[in-house]
Amino acid sequence: MNKLLNLLILKADQSSSFTLTTPNLLPNLSSDKGTINNPADIAIIVGYFIMVISVGIWSMFRTNRGTVGGYFLAGRTMTWWPVGASLFASNIGSGHFVGLAGTGAASGIAVGGFEWNALFIVLLLGWLFVPVYLTAGVITMPQYLKKRFGGTRISLYLSVISLFLYIFTKISVDMFSGAVFIQQALGWNIYVAVITLLLITALYTVTGGLAALMYTDTFQTFVIIAGAFVLTGFSFVQVGGYSALLAKYSSATPSNFSSMDPQRYNISPHCYTPRQDAFNLLRDPTTGDLPWPGVIFGIAIVGGWYWCTDQVIVQRCLAARSLTHVKAGCIMCGYLKLLPMFLMVFPGMISRILYPDEVGCVVPELCKMVCGTEVGCSNIAYPKLVVSIMPNGLRGLMLAVMLAALMSSLASIFNSSSTLFTMDIWTRIRPQATERELIIVGRVWVLCIVAISICWIPVVQAAQSGQLFDYIQSVSSYLAPPIASVFLLAVFVKRVNEMGAFWGLIGGLLMGLCRMLPEFWFGTGSCIFPSNCPYLVCGVHYLHFGIILFFCTSVLVLVVSYCTKPIEDQHLHRLVFSLRHSKEERKDLDWEQEERGRRAQREAEERIREKEAKSGICHLVRRFCGGGGSEAPEQDAPEAPEKLPDISEDPVWKYTVDANALIMMTVAVFMWGYYA
Amino acid sequence: MGKLCAVTSCLLLTVSAAAAQTAQPQIERLLPQWLTGIIAVSAFLFLVFVTLLVKKAWCEKPSRKTAVESESDRENEFVVTNGNTYETNLDTIRRKSTVESARENEFENTYETTLEMTGRKSTVESTGENEFGNTYETTLEMVRSKEDPNAFDNLAFGSADDKVTSM
């Protein structure tokens, strides 16, 4: 998902930078703008919502949502197919449809490298990271760091920065892309549309917990893939086939490309001509807009943050029944990640071929008329296709697809941010919180974050020139590499200790800010009006900068760790990869804090049991929300190892799954080689 | 991975150098696309093969020692059948026996454990002073002997001693 942020704005100097735009001033895009107002479309959309809500309600009865484990981790009972589907659906948001298609239209298939890189990273997740997280017995990632390093400052830093990144990057990008689509296709008031969507999402997130999310994600994956296939089919038919795409793309130039105001600016040909290397995944390291070292390593690093250390994704793996199910789910997600190139990037390019004057517009005044922003209109590529070439009924399906993508991603982010907030921040404020209180807090936080998202809409709309998304892209690619580096070292290098990790994180943050703030200040500019950011700061491509930042942080972490006292093995059993199978007793570094918390929690629960209200309304509410209080007291505190999943695997299944992973990697390598 | 990078970067550089001069619509490829795909796959499978070989070579060295010892264990194996006579003072014999025998109830002190991994000598100096009702079996395959009173199972994952005492 955050990869999308990188692809939303391409700040390459040569190619035009197409930014996500706000078409809120736009009365009518073109003569054939179809709004969804016929019975077939409406029936499909209504049917979609009914299905989603019923799947949500059905899953409510399948798991016990009254415990922390049941609510936040679906009781650790998920099989591989909801895990895989949920990984895919949580990742693919409406931002992918709009962003991938738009950047594909603007600069070719290299943006698909973001997706295809994830094929390998998701295997890293399943094979290297999740075993450690599972044996550690943690629910959130800051909790893992707390156990691994001790102390509270690292986990606090990670919680805060993760929440910050969620609100400012994932949520706003998804909502914004959803809004673009809704306005293009429906013409609805953006507030009405977004608020309705958020409320429906919040409804099944709040009540059902992770189980509801994962089952609805499975349904939404089907919808997304089915609808996207349909659109891809139609668009290929329209353009004349794959070879026609290859042939026609290079001549998809707009008819108006001369400057309307030569005093102010001149339009050079490379701003509106499709790139020569449009059908190459791996491009020139110095002149390409997505240089191949960046595509291979930079995206891997940022992908490592997104897939292996981020709460949204890892939580789905932790909800699985066993390690084999996790691995199988990761493989399924990997195969599904092969599809976005064909379902979103190629249709985006087809859109540019079919509508070069709108999607490929270059003259600022014309672009403003077309989509409301001067920089470029490539991000209307996908909505334009939906509106123009899909027949009645299927347009409703595509809207359902976009809604599915939007709601699945948003719901996952809501749930995970509430997990983070509840388990890391709230338990620090009130260590004596009972399980029931934690679940209530989790639900209330989802509502808070929905309110924050709604308040974010005007900010997003105010970003007329798309500058907001420049900033969002920077935010993720300059802040994520240190976190990825610290997690990687924490899992694999026993010698790394708390001082090293903390100073590495702070150093990495400072380095990232050194690049991020000047870039915000100067702005990213566009092809016609390049930014005057000095070469020293902005000259290095952001993916290359990510690689540099990753290595600098790692060096810093290792240097500081080796200069300070190591953590003894007795504190590290089942927290590092080399000791993941160890069965010895572990002395938790944070056991004092845990013990205090547990004692306070037990006292609080006893007090509650004494004055338990037996009124009918309380009972009803409790039943609806999952029967919280009475069964909980016997269980230990949420992090207690009462159900420590073991990571042993049945050898037959282990070999099956490993073989499957190898096959998937082979397919991925073939695709990379084919399009390189 | 490195090989793939090298191949593709060479390809790309030469090709883009060639295309840089002319205004061709697309970069000309030296090899057809499916061929680059096949080359990449072969390079990848080769790397996987090499990795497997290295892993096998690495893991074989420490495990060779344990393999030899467990073989000598199995040579000393013999099974107690009748249950009437038991041996005490097993100093050096290591055995692996599973309890299947029909043992009468009069032998309250049946005491068998089985050896799973290598390493320990069982020196049992057991005399006839064992208490009543102490039946203690540990088996690898969790086979229980049902006849004895006060029988309880112990699942021993590590090495366990072989001790058999007689009444």
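Helices here are DSSP runs (H or I) of at least four residues, numbered from the N terminus. Keep that in mind as you click around, and remember that the model is predicted.

**Stop 1: the two chains**

Start by colouring by chain. Chain A has 676 residues, and 65% of them count as buried. Its elements are 26 helices and zero strands. If you look at chain A contacts with a separation of 6 or more, 85% join residues 24 or more positions apart.

Now switch to chain B. Here you'll find two helices and three strands, running α-α-β-β-β from the N terminus on. Of its 167 residues, 32% are buried. For contacts in chain B with a separation of 6 or more, residues 24 or more positions apart account for 66%.

**Stop 2: helix 7 of chain A**

Select residues 141-149 of chain A, which form helix 7. How many of its nine residues are buried? The count is nine of nine, and the helix is mostly covered. Step just past the end of the helix and you land on G150(A), which takes a positive phi of about 80 degrees.

**Stop 3: Y144(A) and the cores**

Leaving out residues up to four places away in sequence, Y144(A) touches V132(A), Y133(A), A136(A) and V138(A), along with F487(A), A490(A), V491(A) and L575(A).

Y144(A) also belongs to the largest nonpolar core, a set of 202 residues. Together with Y48(A) and F97(A), Y144(A) is among those with the most contacts inside that core. Which helix gives the most to this core? Select residues 190-239 of chain A: helix 9 supplies 22 residues. Apart from this core lies another one, of nine residues, including Y265(A), Y272(A), L366(A) and C527(A).

**Stop 4: helices 5 and 14 of chain A**

Next, select residues 94-107 and 339-354 of chain A, which are helix 5 and helix 14. Their axes are 7 Å apart and pack at an angle of about 50 degrees. An angle between 35 and 65 degrees falls in the oblique class, and helix 5 and helix 14 of chain A are therefore oblique to each other. Their crossing is right-handed.

For the contact, show these side chains:

- From helix 5: H96(A), F97(A), L100(A), A101(A), G104(A), A105(A) and A106(A).
- From helix 14: P340(A), M344(A), V345(A), G348(A), M349(A) and R352(A).

Coloured by class, this contact has nine nonpolar, three polar and one charged residues. You've met F97(A) already, as one of the residues with the most contacts inside the largest nonpolar core.

**Stop 5: helices 13 and 26 of chain A**

Last stop: select residues 323-336 (helix 13) and 651-675 (helix 26) of chain A. Their axes come within 10 Å and cross at roughly 20 degrees. Angles under 35 degrees count as roughly parallel, which makes helix 13 of chain A roughly parallel to helix 26 of chain A. This crossing is left-handed.

The side chains to show:

- From helix 13: T324(A), K327(A), A328(A), I331(A), G334(A) and Y335(A).
- From helix 26: W653(A), V657(A), N660(A), A661(A), I663(A) and M664(A).

By class, the contact of helix 13 with helix 26 of chain A divides into eight nonpolar, three polar and one charged residues.

Terms used
Residues numbered from 1 in each chain as written. Chains lettered and ligands numbered in written order. Predicted model: local features only at pLDDT ≥ 70, side-chain atom pairs only at ≥ 80, totals over all residues. Heavy atoms only, no water. Axes fitted to C-alpha atoms, helices over the stretch in contact; angles between N-to-C directions. Parallel < 35°, antiparallel > 145°, perpendicular 65-115°, else oblique. Left-handed = near helix turned anticlockwise from the far one by under 90°. Contact = heavy atoms within 4.5 Å. Nonpolar A, V, L, I, M, F, W, Y, C, P; charged D, E, K, R; others polar. Core = buried A, V, L, I, M, F, W, Y, C linked by side-chain atoms within 4.5 Å. Buried < 20%, exposed > 50% of the residue type's maximum accessible area, 1.4 Å probe, protein only.
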